[in-house]
Amino acid sequence: MAYSDKLLDHYENPRNVGSFGKEDDGVGTGMVGAPACGDVMKLQIKVGPDGVIEDAKFKTYGCGSAIASSSLVTEWVKGKTLDQALEIKNTAIAEELALPPVKIHCSILAEDAIKAAVEDYRKKQGTQVAPAADAA
Amino acid sequence: MLKFPIYLDYSATTPVDPRVAARMIPWLTEHFGNPASRSHAYGWEAEAAVEEAREQVARLVNADPKEIVWTSGATESNNLAIKGAAHFYSGKGKHIITVRTEHKAVLDTFRELEREGFEATYLDPQENGLVDLDAFRAALRPDTVLVSIMFVNNEIGVIQPIAEIGEICREKGIVFHVDAAQATGKVEIDLDRLKVDLMSFSAHKTYGPKGIGALYVRRKPRIRLEAQMHGGGHERGLRSGTLATHQIVGMGEAFRIAREEMGAENERIRMLRDRLMKGLTDIEATYVNGDMEARVPHNLNISFAYVEGESLIMAIKEVAVSSGSACTSASLEPSYVLRALGRDDELAHSSIRFSIGRFTTEEEVDFTIDLLHRKIGKLRELSPLWEMVKEGVDLSTVQWAHH
């Protein structure tokens, strides 16, 4: 299969590989996919007090397109607010990397990973913020 | 000097041996006659060349040259053998048996016969890839007319118990077909001893040209087939079509070389395979697929856990290998052969078939070992599954978010 130069670059030099502590404050973790389907993506975001994503890291088990898609979104979410990050659509990822039609599901998975990470972050904040609100 | 990419996909195809190519060329340019031309010397010399090649093919497998029918390759041989015998003997019964790990040329031909009203049994192999003889016996029925089981598996290289299965079939009067495309030049084949009725051969898996193969059709006891290709009545009416003299000469020469050199060659290949296996199984969480005893030395099929197959192939582009079989590696499905062995999906996703051949060197093997160590390490650094396993998580207990 012929892949675009951008895709190959992300595959060969993946950006932001690694992990944050799952329990850390300000970290949201999204894990999507399944080994049986051939891809599992873990995307983590570190959110600052101002609600802006300061940093992101990923680990992906999957094909070259899955690795490149997740590497790309770690770059894209940085500096965005949570709502802005949620606006990243799979079609933009697919377009940027020129994913072949059979690999579109990789971009969908990357979009899902962002949603899952944001949701996890918000859930964590919610459980911590709620008691304070009660006290007030 | 290493030439890249290093070719370790000899089970997909082999280069034509230069000695074979040299023998073929005059039959394209100078001696171009039609072997079926009876009225002049051009035809006579072509016919003589075809018959000499037929003898070379027969000698490799200890058969009579009259039992060899030229075809375009093993796929055609499988079609002719299976459809031809099933149709001819359908009056006796309409039950046919094969194994789930057969090549698509056999499985798809069985599907076609099912559409025509035959009933097929697809045996599950054991975990080591071999047919369970008790399960095989249990699958036989009074109306079973044909059994088709390959000699050597193309993906995992295991050698099926052909002699034993042949005895059982002969005793019950069932036609036994064997796809030997991956076996010639790798295992000794003695058709005088083996109770096999039909056997398919391919030239290009044994350093001959693509586009030529043969079918062995036993004469004693005589096996009858319904022709699948009709025309001028070539090959005693079993397969019409002008014979491709140059291809046939190439196959004959390739099989002659195989007969003369397979002893020494297999010993050398076994050494290389053992070296490769030792070097690769050094890597944590690797599993060899298929039995190690009943196996040709040319094949090493390894699963690298927690690393996905396609990304691994991309990472090791300096070596030409295949993930699953060449026919299925473009799809997203894990290998049906490994699935049939009961390997779970994440293992199936990361299997690589290394196949070693005549021109493989020790230097190439060493480069491959080093490359795999580096790239598996890199991909596992990237793998969330590897991270979880290292943290002590049992992946089978994880609730995955299926998409």
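This is a predicted model: local features need pLDDT of at least 70, side-chain atom pairs count only at pLDDT 80 or more; totals for chains, interfaces and linings use all residues.
Visitor: How many nonpolar residues does the contact of α3(B) with α8(B) have?

Guide: On the α3(B) side, the contact residues include B:A46, B:V50 and B:L60, while α8(B) brings, among others, B:I248, B:M251 and B:F255. Charged residues take part as well, among them B:E52 and B:R256. By class there are three polar residues, four charged and, to answer you, 11 nonpolar.

Visitor: Which residue is joined to B:K220 by a cis peptide bond?

Guide: Look in the loop between β8 (213-217) and α8 of chain B, where the proline sits. Omega of this bond is about -5 degrees, and the residue joined to B:K220 is B:P221.

Visitor: What is omega for the cis peptide bond from B:F4 to B:P5?

Guide: B:P5 belongs to the segment before β1 (6-7) of chain B. For the bond from B:F4 to B:P5, omega is near -10 degrees.

Visitor: Is B:Y207 buried or exposed?

Guide: This tyrosine lies in the loop between β7 (198-202) and β8 of chain B. Its phi is positive, about 70 degrees, although B:Y207 is not a glycine. A residue with 20 or more other C-beta atoms within 10 Å counts as buried. B:Y207 has 29 such atoms, so B:Y207 is buried.

Technical notes:
Residues are numbered from 1 along each chain as its sequence is written. Chains are lettered from A and ligands numbered from 1 in the order in which they are written. Two residues are in contact if their C-beta atoms, placed from the backbone, lie within 7 Å. Helices (H or I, at least four residues) and strands (E, at least two) are DSSP runs, numbered from the N terminus. A residue is buried if 20 or more other C-beta atoms lie within 10 Å of its own, exposed if 12 or fewer, and partly exposed in between; C-beta atoms are placed from the backbone.
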